[in-house]
Amino acid sequence: MLSIDSLEVRYGAAAVLRGLSLELEPGLVHGLIGRNGEGKTTLLDAVFGVVHLWAGSIHLRGAPIRSCDVGYLQTHNFFYPRITGREYLRIFQAHHPAFDVEAWSQVLELPLDRLVERYSAGMQKKLAFLGILGLDRPVLLLDEPFNGLDLESNHLLGRLLRMLAVSGKTILLTSHILESLTRSCDRIHLLATGAVAGTFRPAEFDRLDALMLSGATGEKLDLAHRLLAHPEARR
Amino acid sequence: MTIPLLLLRLRIIRRIAAELPRTEPFAAVVILAMLGVAQWRLFAWTGDAKGRWFVAACSVAVLLSVHAARRDERFLRIAGVAHRRLFAAEYLLLCLPFSVPLLFSAGPQLAAVGPGSALLLSLLPAGLVPAFAAQRAQRRSPVPLPLPATAFEWLAGFRRSALALCILYLAAALLSQHLTVLVAVLVLVVLTPAAFYRDGEGITLVEVFALSPAAFLRHKIGRSVVLLWGLAAPVAALFALRHPALWYIPLAVLVPGSVVLAGAILLKYAFYREGARAGIAVPLALGAVTASLVLPPVAALLLHRLWKLSVRNLEPYLNAFDR
């Protein structure tokens, strides 16, 4: 069990996470949803240990979590120029010999002998994901893992995450696309004003759509409609 | 659209000029000094006829290289900008530091070479160099290298410097009877790997080693020094064959070369930011490390300081590992 208790993170004077508490059971895929700037990535950074915690604690199976417990797939993935996909994955294999580079690359259809900088955005995402998988850590944090993936890869990743959860991993992922989360997650946590505003089970996923849209969406659409009809309305 | 874009670019330059002294004051001073010296040299060269032609040729070469290396032609086309007009305006501004001294010393004919080239170049397709590089990279897979996967800086560095290294080895093989050539080649071969560490990797490639910051740095430095000696071995062997009495020269090059390489690695991790390339401060500081070798205690102090900085900078990423 990954327990996050009363977490508080600030950037300067701005509090991003305000007393956030969350329990993540292993064996389930947990999704995190919230509007831009609500602190999704900050929460993942905090669990990984690269931001300073002002207050609160994060424990894995009763002990304080360490970065070596966590595999973290970030939104933007950095590799190293002029190395191929195969060379990148072999770095992970050197430390975890059981990691089968060839077989995994077949699963995600990666052209391993091409330079990584020539990969498409989706391919780079898949390669970075395989690297995280190669680390073989009990907790997986995935920030926007579906970005740039084609339909088949999207589906495949969703199924893969379920398999990983069944094998005992604790998985927390974020996405701006609600459909990607509802398809892959067992629980979805809604983040609002720096805290968890609610946790939803599959039967309740239908409610999320309405909750995600702010009360002002209608007004914004009205304004956009007016602008398109009469561009001078902008003035 | 041309004027707002041009003004936007000038605003970007002004912003950089305003921010650089705050963020990297040392680099700002060096850049300013270099620009000042360059402008002074341009004025000085226009003092004689040969120099004037040289300055005019320089203006064409600068414009040509900017035009060949630029990557924004497609974007500007898509954005509906009159890109040729924008290029012409930019190049006319760019050739001013060359044309103004020429106008005062040589008259309008030579001074018009720069603006004339600017107008001509703006009509030609831009970005041929990146287009050619991209096409070449798409065509072929890179050659696999017999190096450990975890030495990815060396894999990348070899690919980037393969041609230069081949030329150096060839020069050493063909001209090994000349001591000066052999020493120069050895120095260049030994200094080349310091440039392999200029790119930044992602956090994953740092923590995949599962080592504490100190152990991580020891591993990186130890591995790179072994590879450096392997890289220099063919030239050192030629030295031993051709000039056996001077056996100590390869050692005298390799030992300081290893220190410079260690300095390059420490500098990289002292200023490590995920995925970021080394800023201008890093090559300058590496120059300082190299220069400090004249006074070994200064070099030792500098390396010690860099070690401490690197360990502190890596701490947030690697504090979980106690090996």
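1. Helices (H or I, at least four residues) and strands (E, at least two) are DSSP runs, numbered from the N terminus.

2. Please keep in mind that this is a predicted model, in which local features need pLDDT of at least 70 and side-chain atom pairs count only at pLDDT 80 or more, while totals for chains, interfaces and linings use all residues. Residues are numbered from 1 along each chain as its sequence is written, with chains lettered from A and ligands numbered from 1 in the order in which they are written.

3. In chain B, start with helix 5 (residues 83-94) and helix 8 (residues 113-123), whose axes lie 8 Å apart at an angle of about 155 degrees. That angle makes helix 5 of chain B roughly antiparallel to helix 8 of chain B (under 35 degrees counts as roughly parallel, over 145 as roughly antiparallel, 65 to 115 as roughly perpendicular and the rest as oblique). Residues in contact, meaning that their C-beta atoms, placed from the backbone, lie within 7 Å, include Phe87(B) and Tyr91(B) on helix 5 of chain B and Leu119(B) on helix 8 of chain B. By class, this contact has nine nonpolar, one polar and one charged residues (Ala, Val, Leu, Ile, Met, Phe, Trp, Tyr, Cys and Pro count as nonpolar, Asp, Glu, Lys and Arg as charged, and the others, Gly among them, as polar).

4. Next, look at helix 11 (residues 179-191) and helix 14 (residues 248-270) of chain B, whose axes come within 9 Å and cross at roughly 20 degrees. Helix 11 of chain B is therefore roughly parallel to helix 14 of chain B. Among the residues making the contact are Val183(B) and Leu186(B) from helix 11 of chain B, and Val253(B) and Gly257(B) from helix 14 of chain B. The class count here is 10 nonpolar, one polar and no charged residues.

5. Where do the chains meet? 26 residues of chain B are in contact with 26 residues of chain A. On the chain B side, helix 9 (128-139), helix 10 (152-174), helix 12 (203-207) and helix 16 (296-318) each give two or more residues, and helix 10 of chain B has the largest share, five residues. That side divides into 14 nonpolar, six polar and six charged residues.

6. Chain A has an open sheet of six strands in the order 6-7-8-3-9-10, with mixed pairing (two strands pair if DSSP finds at least two bridges between them). Its edge strands are strand 6 (70-73) and strand 10 (195-200) of chain A, each pairing on one side only. The twist averages 20 degrees from one strand to the next. Strand 9 (residues 187-192) of chain A runs antiparallel to strand 10 of chain A, with five bridges; Ile188(A) has Phe200(A) as its bridge partner. Helix 4 (residues 121-135) of chain A lies across strand 6 and strand 7 of chain A, at about 175 degrees to strand 6 of chain A.

7. Finally, which strands pair with strand 1 (residues 2-11) of chain A? Eight bridges join it to strand 2 (residues 14-24) of chain A, antiparallel, and five bridges, also antiparallel, join strand 1 of chain A to strand 4 (residues 55-60) of chain A. In the hairpin of strand 1 and strand 2 of chain A, Gly12(A) takes a positive phi near 65 degrees.

Technical notes:
Axes are lines fitted to C-alpha atoms, for helices over the stretch in contact, and angles run from 0 to 180 degrees between N-to-C directions. Two residues are in contact if their C-beta atoms, placed from the backbone, lie within 7 Å.
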